[in-house]
Amino acid sequence: TLSNFCRGKPSPDFELVRPALATLAQLIYSDDTEVLTDACWALSYLSDGNNDNIQAVIEAGVPARCIELLLHDEATVKTPALRTVGNIVTGDDCQTQVIVSNGAL
């Protein structure tokens, strides 16, 4: 699965997995719970890094949808969506503001 390419310790070189962001930004609108779960886990791995990684995830346009997914019926979707949102708020003040501005509070 795509999320397996995005995780690991040490993390993969971000530039090698950055192209996946555009695909993940589309997959988080899927109606398939397994696809949503995998896409959200991948985003959580990609946003678990420095502020440049967080910014790339933000620029992929996923924060608003990740916040929406916090209300999903399945915990298997909510958990990685929450991890992604949580990782983004660990960034700088502007990155945290993106989450607040998208209604996370």
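This briefing walks through some helix packing and a handful of residues in the structure above. The model is predicted, so local features need pLDDT of at least 70, side-chain atom pairs count only at pLDDT 80 or more, and totals for chains, interfaces and linings use all residues. Residues are numbered from 1 along each chain as its sequence is written, and side-chain values use heavy atoms, with hydrogens and water left out. Helices here are DSSP runs (H or I, at least four residues), numbered from the N terminus.

**H4 against H7**

- Helix H4 (residues 33–46) and helix H7 (residues 75–89) have axes that come within 8 Å and cross at roughly 20 degrees. Axes are lines fitted to C-alpha atoms over the stretch in contact, with angles running from 0 to 180 degrees between N-to-C directions.
- That makes H4 and H7 roughly parallel to each other (angles under 35 degrees; over 145 is roughly antiparallel, 65 to 115 roughly perpendicular, and the rest oblique).
- H4 passes H7 in a left-handed crossing, meaning that the near helix is turned anticlockwise from the far one by less than a right angle.
- On the H4 side, the residues in contact (heavy atoms within 4.5 Å) are Thr 33, Leu 36, Thr 37, Cys 40, Trp 41, Leu 43 and Ser 44. They meet Thr 76, Val 77, Thr 79, Pro 80, Ala 81, Arg 83, Thr 84 and Asn 87 in H7.
- The residues of this H4–H7 contact split into 7 nonpolar, 7 polar and 1 charged. Here Ala, Val, Leu, Ile, Met, Phe, Trp, Tyr, Cys and Pro count as nonpolar, Asp, Glu, Lys and Arg as charged, and the others, Gly among them, as polar.

- Ser 44 sits in H4 and is buried, with a relative accessible area of 0% (buried is under 20%, exposed over 50%, partly exposed in between, using a 1.4 Å probe and protein chains only).
- Not counting residues up to four places away in sequence, Ser 44 touches Pro 80, Arg 83, Thr 84 and Asn 87.
- Over in H7, Asn 87 is also buried, at 12% relative accessibility.
- The Asn 87 side chain reaches the backbone oxygen of Ser 44 at 2.8 Å.
- Leaving aside neighbours within four places in sequence, Asn 87 is in contact with Ser 44, Ser 47, Asp 48 and Ile 54.

**H3 against H4**

- Helix H3 (residues 20–27) and H4 have axes that come within 9 Å and cross at roughly 140 degrees, so the pair is oblique.
- H3 passes H4 in a left-handed crossing.
- Leu 21, Leu 24 and Leu 27 of H3 make the contact with Val 35, Leu 36, Ala 39, Ala 42, Leu 43 and Leu 46 of H4.
- The residues of the H3–H4 contact are 9 nonpolar, no polar and no charged.

**H8 and its ends**

- Asp 92 caps the N-terminal end of helix H8 (residues 93–101), with a side-chain oxygen 3.1 Å from the backbone nitrogen of Cys 94.
- After H8 comes Gly 103, whose phi is positive, near 90 degrees.
- Thr 96 is in H8 and counts as partly exposed, at 24% relative accessibility.
- Thr 96 touches Ile 88, Val 89 and Gly 91, not counting residues up to four places away in sequence.

**Asp 52**

- Asp 52 is found in helix H5 (residues 51–59) and counts as exposed, at 59% relative accessibility.
- Asp 52 and Gly 91 are 39 residues apart in sequence and 8.9 Å apart in space, C-alpha to C-alpha.

Notes:
Helices (H or I, at least four residues) and strands (E, at least two) are DSSP runs, numbered from the N terminus. A polar contact is a pair of N or O atoms within 3.5 Å; within protein, one must be able to donate a hydrogen and the other to accept it, and residues adjacent in sequence count only if both atoms are side-chain atoms.
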